[in-house]
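User: I have a model open and would like to go through it with you. Could we begin with the overall fold and then move to details?

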Amino acid sequence: MVIIMKLAPVNKIIPFSNVDGPGNRTAVFFQGCTFDCKFCHNPETINMCIGCSECVSKCPAGALSCQSVESARAAADERSADSSTDSCKSPGADAGMLSNRRGSIIWDSTKCVQCDTCIRVCQSNASPRIRYMSVPDLIAEIRRTAPYIQGITVSGGECTLQNDFLIDLFSAVRALQDSPRLTCLLDSNGSFDFEADPRILEVSEGVMLDVKAVGKEWSRRLIGDPGDLVLKNLDYLLKAEKLQEVRTVIIPGRDTENEETVRYTASKIGNACDYRIIRYRPFGVRENFQKELGEDETPEEYAMKFVELAKQYGAGRAYLV
Ligand code: SF4
Ligand code: SF4
């Protein structure tokens, strides 16, 4: 019997990160997002590749190639057929192969010079440099860093698009016998209904939640979604004591919108968790959105006013990032 493992599209893994939750952590970034935030610094993580092949001929290192859907399937089948009765298979994970609707883009990580040309060329907010990985693939990576980290953080894109995969991953991390107890955190945009399906919370320490906008109109403009579920999650995660931290980005010159978002959020979270007030920074933001939101970062003094406001409204653990 051939067992096909669940796979998830991984954009990148940072073995040691001190900005993705408390302590030193291994951070796994999954491809694909549910929102389209104007200030996104990694817009290449938003969509899945559609296989248009525009980036292939532009790659200066010859690290990208096309494969027809038929031959991609045949290759995957061949790899699957190689598995024996008691072994598990993760087709495509080792080759960094990306199957998609119109064809397959093969990324050869050994040739890639990380120049980001493919990211700049892509008109679909996607990346050809993803790997489909299984839970054992990721556990193998985590085992390497385990002696030096406090835990793992899953991010994106939006990691909860891989909810079932994450439940398996976190369960496997918790079952690791040969490492200190690692914590498991989610970095989420709040588009997953944690109350309707709380299984992931049972195997994780909590969620680092973005509250980007309060007010349907501003939320629609900023993230492409009215944001109701984000605010419902804020309430639910607080009640469930699974809120690790909350983040809000301060957009320059948007006094009313910034104020409403910070006031609402601060009065909800109080001292329950950290509240990170983040300055908008244009680096990596798409050009058209830079024009709309600003080509300069939010001045520190301006952002500090919102830290003070947050404290005034009860968020004792508010600080500036
Ligand atoms: S980042 Fe890698 S795959 Fe992309 S264009 Fe540069 S060398 Fe090619
Ligand atoms: S990464 Fe973008 S440019 Fe490259 S094949 Fe996929 S959709 Fe096309």
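User: How many helices and strands are there in the chain?

Analyst: The chain has ten helices and 14 strands. Please keep in mind that this is a predicted model.

User: Understood. What percentage of the residues count as buried?

Analyst: Of the 321 residues, 41% count as buried.

User: And among contacts between residues at least 6 apart in sequence, what percentage join residues at least 24 apart?

Analyst: The figure is 74% for contacts of that kind.

User: Let us turn to the sheet. What is the strand order in the open sheet of nine strands?

Analyst: The order is β8-β2-β3-β9-β10-β11-β12-β13-β14, and the pairing is mixed. At the edges are β8 (131-133) and β14 (318-320), each of which pairs on one side only. From one strand to the next, the twist averages 30°.

User: Which helix packs on that sheet, touching β12, β13 and β14?

Analyst: That is helix α8, residues 255-269. The direction of α8 makes about 165° with that of β12.

User: How do β12 and β13 pair, and over how many bridges?

Analyst: Strands β12 and β13 run parallel and are joined by six bridges. In one of these pairings, V246 has Y275 of β13 as its bridge partner. The chain passes from β12 through α8 to β13, and this β-α-β crossover is right-handed.

User: What stands opposite Y275 in β14?

Analyst: A318 of β14 stands opposite Y275. The strands β13 and β14 run parallel, with three bridges between them.

User: Moving along the sheet, is strand β11 mostly covered or mostly uncovered?

Analyst: Strand β11, residues 206-210, is mostly covered, as four of its five residues are buried.

User: Which strands pair with it, then?

Analyst: Strand β10 (residues 183-188) is joined to β11 by four bridges, and the two run parallel. L186 stands opposite V207 of β11. Strand β12 (residues 243-250) also pairs with β11 in the parallel sense, over four bridges. There, D210 has R247 of β12 as its bridge partner.

User: How many bridges are there between β3 and β9?

Analyst: Five bridges pair β3 (residues 25-30) with β9 (residues 151-155) in the parallel sense. T26 stands opposite I152 of β9.

User: Now the ligands. Which residues are closest to ligand 1?

Analyst: The closest are C59, C112, C115, T117 and C118, out of 13 residues that surround ligand 1. By class, this shell holds nine nonpolar, two polar and two charged residues.

User: And which come nearest to ligand 2?

Analyst: C49, C52, E54, C55 and C122 come nearest, among 15 residues around ligand 2. The shell of ligand 2 divides into ten nonpolar, four polar and one charged.

User: Let us check the backbone. Where is there a cis peptide bond?

Analyst: A cis peptide bond joins G156 and G157, with omega at about 20°. G157 lies in the loop between β9 and α4 (163-174).

User: Why does Q114 count as exposed?

Analyst: Q114 counts as exposed because 9 C-beta neighbours lie inside 10 Å, and the cut-off for exposed is 12 or fewer.

User: What about N125, where is that found?

Analyst: N125 is found in the loop between α2 and β8. Its phi is also positive, at about 55°, although N125 is not a glycine. N125 is partly exposed, because 18 other C-beta atoms lie within 10 Å.

User: How far is the C-alpha atom of K239 from that of A272?

Analyst: The two C-alpha atoms are separated by 10.0 Å, while K239 and A272 are 33 residues apart along the chain.

Methods. Residues numbered from 1 in each chain as written. Chains lettered and ligands numbered in written order. Predicted model: local features only at pLDDT ≥ 70, side-chain atom pairs only at ≥ 80, totals over all residues. Buried ≥ 20, exposed ≤ 12 C-beta atoms within 10 Å, placed from the backbone. Contact = placed C-beta atoms within 7 Å. Pairing = 2+ DSSP bridges. Near = placed C-beta within 6 Å. Nonpolar A, V, L, I, M, F, W, Y, C, P; charged D, E, K, R; others polar. Axes fitted to C-alpha atoms, helices over the stretch in contact; angles between N-to-C directions. Right-handed = clockwise from strand over helix to strand, strands pointing away.
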